[in-house]
Amino acid sequence: MLTNKTAAVTGGTRGIGLAIVKKYLENGANVVVMGSRKETVDKALAGLTEYEGRVMGLWPDLCDPEAVAEAFAAAKERFGRLDILANNAGISSRTSLYDYTVEEFGKILDINVKAVFVCSQAAARIMKEQGGGVIINTSSMVAEYGQPAGCGYPATKFAVNGLTRSLARELAKDHIRVNAVAPGVTRTDMVAALPPEMVERISSGIPLGRVGEPEDIANAFSYVTGVTLRVDGAAMT
Ligand code: NAD
């Protein structure tokens with residue numbers, strides 16, 4: 001399905017990102033696994049040896065336009081194209097408003113929003129030149145209903161939805177589609193940081209009866225256009 005296509009996945013070293021990487025590889029794409037450090041990228045690549053020759057790892061600072069442009073140029077050099085960008089890297093927060101520092105708020109904005117802007121810009125420049133492409137952002141269901149602490153996190157995901165809608169309009173003329181996938185609670189390191197009783201309470205309120213697995217979310221990263229796709233088991237909050 002994706003043979004001869006090249007996909008770059010930020011935050012591709014674990015959790016949802018690694019599941020997306022595997023899904024794209026299984027479907028025949030060349031994949032660029034992007035992580036924050038060489039060590040974590042190498043660890044992810046060590047589990048993907050069966051795809052040797054179709055996978056490479058890079059760890060640019062996602063907020064540095066030059067570093068990201070260099071990384072995508074290296075990917076294009078290696079695989080000849082860049083067809084798909086999955087802007088998936090992200091961090092969360094549960095800090096209360098009263099304890100939230102400006103530094104912490106700035107950090108979550110950087111990784112969850114600025115990096116999406118920087119990577120989309122660099123990828124779109126390549127995609128426009130080659131005649132098209134797809135950008136898919138990992139949003140969150142909290143961008144519909146907020147959350148009762150850690151206000152920076154939903155604020156960034158509302159921003160991701162805004163970027164998604166706006167870039168979809170701006171880049172359509174260049175044949176670049178822009179979508180967002182909005183996972184509900186999904187079993188990754190991000191959720192492992194929550195108290196188990198909280199995860200239990202959330203699960204019991206999900207009509208499908210369980211939290212999502214990274215593979216559930218990865219399945220939504222193809223054959224979609226123009227939507228923020230909910231992948232949350234029909235949870236209401
Ligand atoms: P995770 O913590 O397992 O993975 C996060 C990924 O982001 C890792 O690969 C990490 O290396 C990368 N990352 C973090 N900071 C980075 C930085 N500064 N530079 C480069 N990479 C960085 O979490 P996950 O649950 O797999 O999260 C993936 C995405 O899904 C995030 O955008 C998250 O907001 C979103 N999401 C997760 C859930 C959930 O319940 N797990 C729900 C909704 C949305």
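User: How are H4 and H6 oriented relative to each other?
Analyst: In this predicted model, helix H4 (residues 102–130) and H6 pack at an angle of about 15°, with their axes 9 Å apart, and H4 and H6 are therefore roughly parallel to each other, a label for angles under 35 degrees. Axes here are lines fitted to C-alpha atoms, for helices over the stretch in contact, with angles running from 0 to 180 degrees between N-to-C directions, while helices are DSSP runs (H or I) of at least four residues, numbered from the N terminus.

User: And which residues are closest to the ligand?
Analyst: The ligand is surrounded by 25 residues, the closest being Ile 16, Asn 88, Tyr 153, Thr 186 and Thr 188, where a residue counts if one of its heavy atoms lies within 4 Å.

User: How far is the polar side-chain atom of Tyr 153 from an oxygen atom of the ligand?
Analyst: That distance is 2.6 Å for Tyr 153, and for a polar side-chain atom of Lys 157 it is 3.0 Å, both being polar contacts, that is, pairs of N or O atoms within 3.5 Å. A side-chain N or O atom of Thr 188 lies 2.5 Å from an oxygen atom of the ligand.

User: Which helix gives the largest share of the shell?
Analyst: H7 does, with three residues.

Technical notes
Residues are numbered from 1 along each chain as its sequence is written. This is a predicted model: local features need pLDDT of at least 70, side-chain atom pairs count only at pLDDT 80 or more; totals for chains, interfaces and linings use all residues. Side-chain values use heavy atoms; hydrogens and water are left out. A polar contact is a pair of N or O atoms within 3.5 Å; within protein, one must be able to donate a hydrogen and the other to accept it, and residues adjacent in sequence count only if both atoms are side-chain atoms. Helices (H or I, at least four residues) and strands (E, at least two) are DSSP runs, numbered from the N terminus. Angles under 35 degrees count as roughly parallel, over 145 as roughly antiparallel, 65 to 115 as roughly perpendicular and the rest as oblique.
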